[in-house]
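This briefing covers one protein chain, from its overall architecture down to selected residues. The points below are grouped by topic.

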Amino acid sequence: MGQVASARINLLSWLALFRLGATARGVLPFLLGGVIAWSQGVPIDGAVLLLSSLAVLFIMLMTFLLNEYYDYLTDIANQDYHRFSGGSRVLPLGLIPRRHVVIAAWIFLAAALGIGLALHFYYRTGLLTIPLGAIAIYIGYFYTAGPFKWSYHGLGEITIAFSCGWLATITGYYLQAGRIDAVATLASLPGAFSVFLVILINEIPDITSDRLSGKNNLAVRLGREKAGVLYAVLLVVCTVNIVVNVFFGVPVVSAYLSIILLPLVIWNILTISRKGLDDLHVQRSLSLRTLVFDHLITIIYAVSFIVAGLNAVGLDINHLIMLAVAFIAVFLLEVVGIAFSKAVMTE
């Protein structure tokens, strides 16, 4: 009985360590790139979509595992975390040996490299396939690993915004269309802003432990008050950016759909101005609403390009269904990830 319980805890610990909810954030904008390509009449290659989505997932898993490994001492010192900050807490609780985490990270890295080579040489997805993948791996690997340690030198937020914004969307588009697209680039910008906001607001509870550990991220450098001001400004900029994009070829319906973001924008700004960012409950609520805001942007653009595609002639609906299934699978992955994280903390 004890062995069964131990195996259960070990399995739950690994699944919590994978942080599947956060991992999915890299896959969603990647799938958006595929939707944009479909809306322009590009036939979607199902095998390429599946394999490349797995590669993105593996790169994200590698990134989070290395993040857990190199942030170990910081996470031990952190006593002010909430559900969206401070890592998975698996390593500080001693549920999995640290060296196993590094081994797993390298396995996922090798798997992503293998898929990248298959996409380039077998599926012939284009000359930029390997460079785009290499950039993603480079950013993810050195997010917390030396010698660059982006997150320790105030560059973590920018690298995540770039990789989970432009890079993910353009790569998803390129692997299907074989080219870079200006409209896809514009559509990636609000997502880049929103994921920047997710990272920034999640850093707030960790300021004290991060500062003691020498992790000089943006929240540490600015402090709570100035970080709150920057958050509010970028929240507005992000929303306005959606509207501005329609003047440069992005589907107009996205501007109308962005209205659903306004309650969150107003709510979050009023929360910061009235309550500040000192209370852990306030921080957690803001993190949750920022995550919803981020996801809604991806949904807004996915719906907008689908509507644009449905108005075109001769597009394959079966390819759209394939993309829709991929989106649903990623969202379900998030739900499962949250459930596993709660389960391991409970046990």
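Helices are DSSP runs of H or I with at least four residues, numbered from the N terminus. On that basis, threonine 298 is found in helix H13, which spans residues 280-310. The model is predicted, and the chain averages a pLDDT of 90. The secondary structure of the chain comes to 14 helices and 0 strands.

**Overall architecture**

- Read along the sequence, the pattern of the chain is α-α-α-α-α-α-α-α-α-α-α-α-α-α.
- The chain is as compact as a globular protein of its length, because its radius of gyration of 20 Å is close to the 20 Å that the globule rule gives for 347 residues.
- Along the principal axes, the C-alpha atoms of the chain fill a box of roughly 55 × 50 × 40 Å.
- Of the contacts in the chain with a separation of 6 or more, 78% are between residues 24 or more positions apart.

**Burial, surface and charge**

- Of the 347 residues of the chain, 54% count as buried.
- The chain exposes about 15400 Å², and carbon and sulfur atoms supply 70% of this area.

**Confidence**

- A pLDDT of at least 70 is reached by 93% of the residues.
- Among the elements of the chain, the lowest mean pLDDT, 72, belongs to helix H1 (residues 2-17).
- The highest mean pLDDT among the elements, 97, belongs to helix H11 (residues 253-257).
- Where pLDDT is low, the predicted coordinates should not be read in detail.

- Threonine 298 counts as buried because its relative accessibility is 4%, and the cut-off for buried is under 20%.
- Not counting residues up to four places away in sequence, threonine 298 touches Leu28, Leu32 and Phe327.

**Phenylalanine 64 in helix H3**

- Phenylalanine 64 has its place in helix H3, which covers residues 46-70.
- The relative accessible area of phenylalanine 64 is 14%, so this residue is buried.
- Phenylalanine 64 and phenylalanine 18 are 46 residues apart along the chain, and their C-alpha atoms are separated by 6.9 Å.
- Leaving aside neighbours within four places in sequence, phenylalanine 64 is in contact with Arg19, Ala22 and Thr23.

**Valine 220 in helix H10**

- Valine 220 lies in helix H10, residues 218-245.
- With a relative accessible area of 9%, valine 220 is buried.
- From C-alpha to C-alpha, valine 220 is 5.4 Å from isoleucine 207, and the two are 13 residues apart in sequence.
- The residues that valine 220 touches, not counting those up to four places away in sequence, are Ile207, Asp210, Arg211 and Lys215.

- Histidine 120 has its place in helix H5 and counts as buried at 19% relative accessibility.
- Beyond residues up to four places away in sequence, histidine 120 touches Thr125, Gly126, Leu127, Thr129 and Ile130.
- Arginine 124 is in the loop between helix H5 (98-121) and H6.
- Arginine 124 is exposed, with a relative accessible area of 69%.
- The phi of arginine 124 is positive, about 50°, although arginine 124 is not a glycine.

- Most residues other than glycine have a negative phi, and most peptide bonds are trans.
- The peptide bond that joins glycine 146 and proline 147 is cis, with omega about 5°.
- Proline 147 is found in the loop between helix H6 (129-141) and helix H7 (156-177).
- Lysine 149 also lies in the loop between H6 and H7.
- Lysine 149, a residue other than glycine, has a positive phi near 45°.
- Lysine 149 is partly exposed, with a relative accessible area of 29%.

Notes:
Residues are numbered from 1 along each chain as its sequence is written. This is a predicted model: local features need pLDDT of at least 70, side-chain atom pairs count only at pLDDT 80 or more; totals for chains, interfaces and linings use all residues. Side-chain values use heavy atoms; hydrogens and water are left out. Helices (H or I, at least four residues) and strands (E, at least two) are DSSP runs, numbered from the N terminus. Buried means under 20% relative accessible area, exposed over 50%, partly exposed in between (1.4 Å probe, protein chains only). Contact means heavy atoms within 4.5 Å. The radius of gyration is taken over C-alpha atoms; the globule rule is 2.2 Å times the number of residues to the power 0.38. Accessible areas come from the Shrake-Rupley method with a 1.4 Å probe; for residues, only the protein chains shown count as cover. pLDDT is the predictor's confidence in each residue, from 0 to 100.
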